[in-house]
Amino acid sequence: MELRRQYISKNAQGFTYAEIILAMGLLAVLLATAVPVGIGYLRTHALVVQRDTLMELLLVARNRALTHIGQGWHGLYVDDAQYVLFQGAVFTAGLDTNEVTTLTESVHHEPASAVVMFAPLSGQSNDITITLQSNGHSTSVHVNAEGAIE
C-alpha cells in the first residue's frame, strides 16, 4: 500500500493554486473587454436592421410605381411603430391592401412620421431624408426627387 501511495503522489499532476488564480484573472480581463463590445454591437445591429428594412420597402414601393402595378401611385408611410406599404395618391390607414411591417421600439425616426410617394412609370418622389436613431447612434436614408434611394 505504501508503495502505491508514493507512486501516485510522485506522478500526480494538476494545476497549482497560482496557475488557477492566473487563469481566472485572464478570463476576467477578457470578459471585461468583450461584454461592452458585444452590447454595443447589439445596440447598433437593431438600427442597421431597421435601416435595411426601410430601404427595402422603399425599393418595393418605387418598383411597383415604375412597373405601374395597380395603375397608380405607390408609397411608404413611416412612423416609430410601423412601416406601411400602400397604393394610391394618399395614405389611408387601415385599408386591407396596406402591407404593415411592425418595428422594434428601440429605434426612433425623424421626422416622427413621414410619407414617401412614388409616381407611376417615372418613379419620381418627394425629396425627403429620414433619420433613424437608437442609443446615441443614428443613420439616414435619403430619397431624392428622381426617386433614387440612398
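Predicted model: local features only at pLDDT ≥ 70, side-chain atom pairs only at ≥ 80, totals over all residues.
**Glu-19**

Residues are numbered from 1 along each chain as its sequence is written, and side-chain values use heavy atoms, with hydrogens and water left out.

Glu-19 sits in helix α2. Helices (H or I, at least four residues) and strands (E, at least two) are DSSP runs, numbered from the N terminus. I checked where the side chain of Glu-19 points, and it reaches the backbone nitrogen of Thr-16 at 2.9 Å. I then took the distance to Leu-59: the two residues are 40 apart in sequence and 58 Å apart in space, C-alpha to C-alpha.

**Helix α2**

How many residues does α2 have? I read 50, covering residues 17–66. From its first C-alpha to its last, α2 reaches 72 Å, close to the 74 Å expected at 1.5 Å a residue; the expected span is 1.5 Å times one less than the number of residues.

I listed the buried residues of α2 next: Leu-47, Gln-50, Leu-54, Leu-57, Leu-58, Ala-61 and Ala-65. After the helix comes His-68, which has a positive phi, near 60 degrees.

I also looked at what α2 lies against. The helix lies across β4, β6 and β7 and runs at about 10 degrees to β7. For such angles, axes are lines fitted to C-alpha atoms, for helices over the stretch in contact, and values run from 0 to 180 degrees between N-to-C directions.

**The four-stranded sheet**

In which order do the strands of the four-stranded open sheet stand? I traced β3-β2-β1-β5, with antiparallel pairing. Two strands pair if DSSP finds at least two bridges between them. β3 and β5 (113–118) are at the edges with a single partner strand each, so one side of each has no neighbour in the sheet. Neighbouring strands here are turned by 15 degrees against each other on average, direction ignored.

I went through the pairs. β1 and β2 are antiparallel over five bridges, and a hairpin of two residues joins β1 to β2. I found His-74 opposite Gln-87 in β2. Between β2 and β3 I noted four bridges, again in the antiparallel sense. Gln-82 faces Thr-102 in β3, and the bridge partner of Leu-85 in β3 is Glu-99.

**The three-stranded sheet**

I turned to the open sheet of three strands, which has the order β4-β6-β7 and antiparallel pairing. Its edge strands are β4 (108–110) and β7, each pairing on one side only. The twist from one strand to the next averages 25 degrees. β4 pairs with β6 (residues 128–134) over three antiparallel bridges, and I found Glu-110 opposite Thr-131 in β6.

**Aromatic rings**

How many aromatic pairs does the structure hold? I counted two. In one of them, Tyr-77 and Phe-91 are stacked at 4.4 Å centre to centre, with 5 degrees between the planes. That pair links distant parts of the chain, 14 residues apart: Tyr-77 is in strand β1 (residues 74–79), and Phe-91 is in the loop between β2 (82–87) and β3 (99–102). Rings of Phe, Tyr and Trp (its six-membered ring) pair if their centres lie within 6.5 Å; planes under 30 degrees apart count as stacked, over 60 as edge-to-face and the rest as tilted.

Is Tyr-77 buried or exposed? I found Tyr-77 buried, because its relative accessible area is 16%. Tyr-77, Phe-86 and Phe-91 form one aromatic cluster.

**Asn-144**

My last entry is on Asn-144, in the segment after β7 (137–143). Asn-144 counts as buried because its relative accessible area is 17%. Its side chain reaches the backbone nitrogen of Glu-146 at 3.0 Å. Leaving out residues up to four places away in sequence, I found that Asn-144 touches Ser-125, Asn-126 and Asp-127; contact means heavy atoms within 4.5 Å.

How values were computed. Buried < 20%, exposed > 50% of the residue type's maximum accessible area, 1.4 Å probe, protein only. Polar contact = N/O pair within 3.5 Å; in protein donor to acceptor, adjacent residues only side chain to side chain.
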